[in-house]
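Please open the structure in a viewer and keep the selection tool at hand. The stops below are arranged so that each selection leads to the next.

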Amino acid sequence: MQDRIAIQIFDDYYYVGDEHVGFHILRTEEGLILFDSMTTPDADEVFLQPGLAELSLEKEPIRAIFLTHGHFDHYLGAEHVRLRTGCDVMLSAEDCVFMVSSLDNRDKGQEMPHITRIVKDKEVITYGRHDIYVMAAPGHTPGCLNYAFPVHDKGEEHRAMMLGGSAVFGPGRYPGKEGYPFSGAYAAEQALIFAATLIKTWDYVKEHNCDVYLTAHPFACDLLEHAAMNKEGELNHVIIGTEKVGEYLKKHYDMCIASADVFCPVGK
Ligand SMILES: [Zn+2]
Ligand SMILES: [Zn+2]
């Protein structure tokens, strides 16, 4: 097990987890909202509860866990949190199906969380002054979700875009299993769907001036590196600006297109 990280990044946004995956925590006027829940069923006991105590958040009620997608490294910790706190657990309908049926998760089935609420594209769920915008973001999984929401830095409001999926899977590029269980045609199609998702994400980022970029896996947005650069009284390095968010999305888009090309079976 990696060391536990528990850090405050904005007035109302925290991260508890390790360098690979974690709980993203938004503190609202109506309690804590979590995004994702880590890789093991005991993540609540091992990471979340001690992490919240370290951040003096242990008395705050936990209202909901918004899952980004139906891969086990994001949902396996959710059920213990739900049973302890009675919080909602949200996921898209597509990834509820994916979670229970996918070859990706077939060995982990016994620990699937009870999903209490299905969330849909363009839905807005509000907790106090925090509105959480749900965006269907297929490609990494069929029902992957992005979330956009406000964060506050020294009282000033900024808007964050959180990308749910990162990796593009296909033949020869599939972690933890012997081989990619689907066809090259499917992989190429998913990579192109992911590219379209990134175009849609950029449209939203531009329209809403999202200047904070988050990803379910912290390494994909350099979250911990940016947070480590922060010093008292200086600018918050996690606020990267809309243009820089666009650079991250473009890099990802290019990777999707290149992957589709590699996986594409046409003419081969
Ligand atoms: Zn995933
Ligand atoms: Zn993941």
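Begin by selecting the open sheet, in which seven strands follow the order β1-β2-β3-β4-β5-β6-β7 with mixed pairing. Strands here are DSSP runs of E with at least two residues, helices are runs of H or I with at least four, and both are numbered from the N terminus. Two strands count as paired if DSSP finds at least two bridges between them.

This is a predicted model, in which local features need pLDDT of at least 70 and side-chain atom pairs count only at pLDDT 80 or more, while totals for chains, interfaces and linings use all residues. Residues are numbered from 1 along each chain as its sequence is written, and chains are lettered from A and ligands numbered from 1 in the order in which they are written.

Within the sheet, select β4 (residues 31–35) and β5 (residues 62–66), which pair in the parallel sense over four bridges. L34 stands opposite I65 in β5.

Next, select helix α1, which lies across β1, β2 (13–17) and β3 (22–28) and runs at about 135 degrees to β2. Angles run from 0 to 180 degrees between N-to-C directions, and axes are lines fitted to C-alpha atoms, for helices over the stretch in contact.

The axes of α1 (residues 43–54) and α3 (residues 78–85) come within 9 Å and cross at roughly 70 degrees. That makes α1 roughly perpendicular to α3, a term for angles of 65 to 115 degrees. Which residues meet in this contact? D44, E45 and L48 in α1 meet H80, V81 and R84 in α3, where contact requires C-beta atoms, placed from the backbone, to lie within 7 Å.

Remain on α3, where A78, H80, V81 and R82 are buried, that is, 20 or more other C-beta atoms lie within 10 Å of the residue's own, with C-beta atoms placed from the backbone. The buried residues of α3 pack against α1, β5, α2 (72–75) and β6 (88–91). After α3 comes G86, with a positive phi near 75 degrees.

Finally, select C256 in helix α7 (residues 242–263). Is C256 buried or exposed? C256 is buried, because 21 other C-beta atoms lie within 10 Å. Leaving aside residues up to four places away in sequence, C256 touches V168, A191, F194, A195 and L198. C256 and F169 are 87 residues apart in sequence and 9.7 Å apart in space, C-alpha to C-alpha.

Notes: Angles under 35 degrees count as roughly parallel, over 145 as roughly antiparallel, 65 to 115 as roughly perpendicular and the rest as oblique. Two residues are in contact if their C-beta atoms, placed from the backbone, lie within 7 Å. A residue is buried if 20 or more other C-beta atoms lie within 10 Å of its own, exposed if 12 or fewer, and partly exposed in between; C-beta atoms are placed from the backbone.
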